[in-house]
Amino acid sequence: MHMLAVLTEFGALGGIAGIHPLGSFPDVTDRLGPPGKSGRISDDQPWPQWFSYGDVVVETCACHVITKVSIRTWYDTIRIPDAHSGEIRTITPATTFRELRAAFSEAGLPWRLLPQEHSLPQFTVETEPAGLAGVSVHFTFTTDETPDQLDAPLHSAFAVESVHLCP
């Protein structure tokens, strides 16, 4: 699978391999098996915690609802789980804003540029997945080494929810 297809699906569905914000982490482990690594997000708090399936990182709250899904896109190659087998596939993540914008256009996926609230050499594009109210997907591109924003490389991608209240 090509990285642009993975990212377009991530932007459209808000998840990868059936892992998405507001989903049940026990459902993910039933389907994909145990995660490769895990840990606390904060050393002084037991929750939230993170779990990884290759280079896909899942954050959960104490009630095991998924609150965030990240793809570590800054490596030379990334490992992502297959939705059906749970096996890890390796793909090359190098993607520019120009390429992702074209893939979104071809898929009919609307996106918007987020206002920048800082002076870092980057910008973020957001999509809102269909069927997941309160979830947004952010794609952040770095601009420190390229004069043309269209050629900016993808640095990170994550889907996050804004509506869950842990009981």
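Predicted model: local features only at pLDDT ≥ 70, side-chain atom pairs only at ≥ 80, totals over all residues.
Biologist: Let's start with charged side chains. What makes R79 and D55 a salt bridge?

Modeller: The cut-off is 4 Å between a side-chain nitrogen of Lys or Arg and a carboxyl oxygen of Asp or Glu. R79 and D55 come to 3.7 Å, N to O, so the pair falls within that limit. By this rule the model holds 5 salt bridges.

Biologist: Where do R79 and D55 lie in the chain?

Modeller: R79 belongs to strand β5 (residues 78-81), while D55 sits in the loop between β2 (49-53) and β3 (56-60). They are 24 residues apart, and the pair links distant parts of the chain.

Biologist: Why is D55 called buried, and why is R79 called partly exposed?

Modeller: Buried means under 20% relative accessible area. D55 has 4%, so it counts as buried. R79 has 39%, which lies between 20% and the 50% above which a residue is exposed, so R79 is partly exposed.

Biologist: What makes R98, D148 and D151 a network?

Modeller: R98 takes part in two of the pairings. With D148 the N to O distance is 3.5 Å, and with D151 the closest N and O atoms are 3.0 Å apart. Both values are within 4 Å, so both are salt bridges, and the three residues are linked through them.

Biologist: How do you know that the pair of D151 and R98 ties together separate parts of the chain?

Modeller: D151 lies in the loop between β9 and β10 and R98 in helix α3, so the pair joins parts 53 residues apart in sequence. As for accessibility, D151 and R98 each have 35% and count as partly exposed; D148, at 31%, is partly exposed too.

Biologist: Now the rings. Why is the pair of W74 and Y75 called tilted?

Modeller: A search of the whole structure finds 8 aromatic pairs. W74 and Y75 are 5.7 Å apart, centre to centre, with 50° between the planes.

Biologist: How do you know that the charged end of K68 sits over the ring of F158?

Modeller: The charged end of K68 is 4.4 Å from the centre of the F158 ring, and the distance limit is 6 Å. The name also needs the charge to be within 35 degrees of the ring normal, and K68 is listed as sitting over this ring.

Biologist: Which residues touch the most other members of the largest nonpolar core?

Modeller: They are L7, F10, I16, I19, F139 and F141, out of 35 residues in that core. Helix α1 (residues 3-13) gives the largest share of the core, 5 residues. Leaving aside its neighbours within four places in sequence, F10 is in contact with residues including I16, V69, F139 and F158.

Biologist: Which peptide bond is called cis, and what is its omega?

Modeller: Most peptide bonds are trans. The bond joining W47 and P48 is cis, with omega about 0°. P48 lies in the loop between β1 (37-40) and β2.

How values were computed
Residues numbered from 1 in each chain as written. Heavy atoms only, no water. Helix = DSSP H or I, 4+ residues; strand = E, 2+ residues; numbered from the N terminus. Buried < 20%, exposed > 50% of the residue type's maximum accessible area, 1.4 Å probe, protein only. Phe/Tyr/Trp six-rings, centres within 6.5 Å; stacked < 30°, edge-to-face > 60°. Core = buried A, V, L, I, M, F, W, Y, C linked by side-chain atoms within 4.5 Å. Contact = heavy atoms within 4.5 Å.
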